[in-house]
Amino acid sequence: MNVLLVDDEVEFVTTLAERLEIRGMTVRTAGDGEAGLAMVADDPPDFMVLDLMMPGIGGLETLKRVKASHPDIPVILLTGRGSTKEGIEGMRLGAFDYMMKPIDIDQLLKKLEEAAELKKD
Amino acid sequence: MLNKLKPAFWDHEDAAAGHYRRLFDFRSLWFQAVALTTFVVLLPLIFITIAEYTVTRKAAEDEILLRTSRFVSNTRRTVAFFLEERRFALEFIVRDNRYDAVSDPERLAVILDNLKRGLGGFSDLGVIDASGRQQTYVGPHNLEGKDYSGQDWFREVMEKGYYISDVFMGYRQTPHLVIAVRHNLPGDRFYVLRASVDLERFKRLLSQLEILGGGSAIIINREGILQTPCDQCGKSALEKVPFSVPEFAPHTRVLEESVAGETLVIGYAYLIDTPFILVAIKDKEALMQPWYHTRRQIIGFLGLSVFFILAVVVGMATYLVNNIYMADRRRVMALHEVEYSNKMASIGRMAAGVAHEINNPLQIIYEKAGLIKDFFTFKPEYKDDPRLLELVGSILTSVERCGAITKRVLSFARHQESALEPVRIKRILGDVLGFVDKEAAYRSITVTLDVDDDIPDFLSDRGKLQQIFLNLTNNAFSFIMEGGALTVKAERKNKRWVAVSFADTGPGIPAKNLERVFEPFFTTRSTKGGTGLGLSITYHLVQELGGKIKAESELGKGSTFIVTLPLDPGKKEA
């Protein structure tokens with residue numbers, strides 16, 4: 001499984017990457033939307049975990065562009081704010097699901113599995 | 001009774017008014033309005049009434065004086081005429097008859113008879129010669145030969161030519177008066193013709209003159225001896241009148257004298273050339289009766305007017321001040337609601353900011369700890385140290401707890417905007433009670449949540465519900481003593497209503513305060529930081545949701561606040 005994590009909080013994203021790798025996944029990380037998009041263009045991942053609050057072009061814009069170029073990559077959104085509004089907006093734009101920070105790794109794994117199931121179909 | 005009439009503003013004390021307290025002193029405002037209006041309205045009314053009173057009284061009194069005066073004048077003429085008539089009759093007799101004719105008893109008897117028939121009032125007739133001896137006498141008594149030479153009247157008639165006596169008893173033993181005229185004969189000789197006049201005739205004359213207002217006309221002499229009986233003063237002829245003899249005046253005069261507690265109007269006139277004074281006595285009270293009637297009307301009218309004016313003034317002042325009071329209450333309420341919701345919004349934003357900022361480092365701690373845990377789980381070299389695993393586990397648990405808090409705060413802040421959305425009452429109550437978990441634990445307060453399963457999700461405003469429940473919970477917590485309990489129950493009342501009750505084990509609310517708990521600024525905790533706004537804002541929030549709130553309480557046992565919410569907010573209660 002090839003996962004791309006996009007989040008500006010480097011400490012968080014690297015640790016999460018390592019934890020996923022321990023669980024046998026191939027993980028790449030990006031610090032902002034543009035870097036993430038470049039990686040998608042370079043080598044499309046199987047899944048994408050995308051933070052909504054980021055400097056630069058931001059999560060929703062990144063999501064739009066990914067969905068435009070690679071509509072079949074499931075994107076799981078992370079939101080740090082209490083609002084579900086952005087999450088719902090993201091779902092409308094084609095995100096697979098959204099999770100509120102702080103996230104639990106088991107829940108994330110569950111979501112990824114669900115996405116994998118869906119992709120298989 | 002009086003308490004029910006008391007308007008709402010009467011006992012109002014605005015704790016929040018501070019320096020501007022005078023501005024909000026509705027009671028003195030009311031007093032000012034009433035006093036000023038009453039003054040402005042009543043002053044002219046009273047002034048005019050007093051003027052009217054004085055004028056009509058003066059007119060009535062003048063009328064009495066005028067009438068009395070006119071009556072006395074008329075009567076004087078009548079009485080004077082009566083006496084003069086008789087005097088002239090005697091003059092005529094002495095001129096018409098020679099001395100030897102009048103001194104003839106037979107002839108004199110004829111003359112007396114003629115007088116009785118023609119004029120009336122005469123009872124006897126006598127001829128007295130210059131020496132004072134009565135030569136001839138006709139009448140009921142035997143007075144022939146009587147000597148009058150030493151008597152005053154005889155001297156007076158010799159000097160003046162005629163004489164009219166006071167009323168006296170004399171030989172006859174009945175009150176009468178005497179008229180005498182002198183007639184000169186050739187040479188220095190003269191004789192006197194003397195006649196007695198019945199008092200009956202005199203009395204009849206006066207009693208024929210009726211006096212309006214129940215007075216009476218009497219004749220007195222200059223010593224104040226009654227010449228005719230006085231019914232008014234209850235005295236008969238020859239007694240003294242109860243008032244002082246009025247001083248001489250050439251014309252009719254009217255004066256007032258108070259006799260034995262009664263005010264008498266006394267009109268009098270001196271009858272010239274006689275010892276008599278004609279007096280008309282009237283009871284002033286009786287004369288003033290018509291005016292008293294008018295006075296009663298004036299005073300009655302004034303009283304009624306004053307009563308109605310006062311009633312209207314007080315009513316209007318109360319109504320207006322009460323309206324101002326109500327408007328002021330609403331204004332203050334609105335002001336504080338805005339202030340309160342602004343405060344809540346600021347707190348919400350601040351909490352959200354803090355929670356969000358904490359969230360990221362929390363996430364990092366969480367991931368790092370998770371990674372350490374992963375090492376223990378996945379790498380065999382760490383696997384056998386259960387103590388480290390336990391440590392990491394506890395870090396993770398703590399972070400999870402922090403995360404739960406930040407999530408809750410964030411979700412609270414999120415619902416500041418007002419919008420109807422499907423809500424699950426159990427979840428909201430759980431969230432709200434979660435805020436007081438720690439406090440409850442510290443103070444050993446048992447919090448029980450009991451939600452019926454048959455309550456469906458329904459459309460409502462989550463933010464407002466949270467605020468309502470949080471306010472009620474905080475309110476309960478501020479009254480519950482250590483070791484007490486808060487029982488929150490949600491049950492479905494019927495198809496359309498769900499009731500949420502907050503029952504505490506506080507000291508309870510006295511009945512007199514129970515109906516005031518939802519009033520703004522009503523607080524019993526003002527010294528402990530209560531603003532008196534919590535419940536009133538709660539009340540308004542519940543109303544905005546189309547619901548109802550009521551308070552029940554039993555002193556010493558606790559209070560229960562019951563919020564009833566519509567399951568369908570669009571449908572108003574029928």
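A: **Helix packing, up close**

α1(A) and α7(B) run roughly parallel to each other, because an angle under 35 degrees counts as roughly parallel and theirs is about 25 degrees. Bear in mind that this is a predicted model.

Now for who touches whom. From α1(A), the residues in the contact are A:Glu11, A:Phe12, A:Thr15, A:Leu16, A:Glu18, A:Arg19 and A:Ile22. Facing them from α7(B) are B:Gln363, B:Ile364, B:Glu367, B:Lys368, B:Gly370, B:Leu371, B:Asp374 and B:Phe378. Sort that contact by class and you get six nonpolar, three polar and six charged residues.

Next, a pair inside chain B. Helix α12 (residues 462-479) and helix α14 (residues 534-544) have axes that come within 9 Å and cross at roughly 150 degrees. On the α12(B) side, the contact uses B:Lys464, B:Gln467, B:Ile468, B:Asn471, B:Leu472, B:Asn474 and B:Asn475. The α14(B) side supplies B:Gly534, B:Leu535, B:Ile537, B:Thr538, B:Leu541, B:Val542 and B:Glu544. Together these residues divide into six nonpolar, six polar and two charged.

While you're in chain B, have a look at two loop residues with backbone angles worth checking. B:Asp273 sits in the loop between β8 (262-270) and β9 (276-283). Its phi is positive, about 70 degrees, although the residue is not a glycine. B:Asp273 has 14 other C-beta atoms within 10 Å, so it is classed as partly exposed.

The other is B:Ser444, in the loop between α11 (437-442) and β11 (446-451) of chain B. B:Ser444 isn't a glycine either, yet it has a positive phi of about 50 degrees. With 11 other C-beta atoms within 10 Å, B:Ser444 counts as exposed, because the cut-off for that class is 12 or fewer.

Note on methods
Residues numbered from 1 in each chain as written. Chains lettered and ligands numbered in written order. Predicted model: local features only at pLDDT ≥ 70, side-chain atom pairs only at ≥ 80, totals over all residues. Helix = DSSP H or I, 4+ residues; strand = E, 2+ residues; numbered from the N terminus. Buried ≥ 20, exposed ≤ 12 C-beta atoms within 10 Å, placed from the backbone. Axes fitted to C-alpha atoms, helices over the stretch in contact; angles between N-to-C directions. Contact = placed C-beta atoms within 7 Å. Nonpolar A, V, L, I, M, F, W, Y, C, P; charged D, E, K, R; others polar. Parallel < 35°, antiparallel > 145°, perpendicular 65-115°, else oblique.
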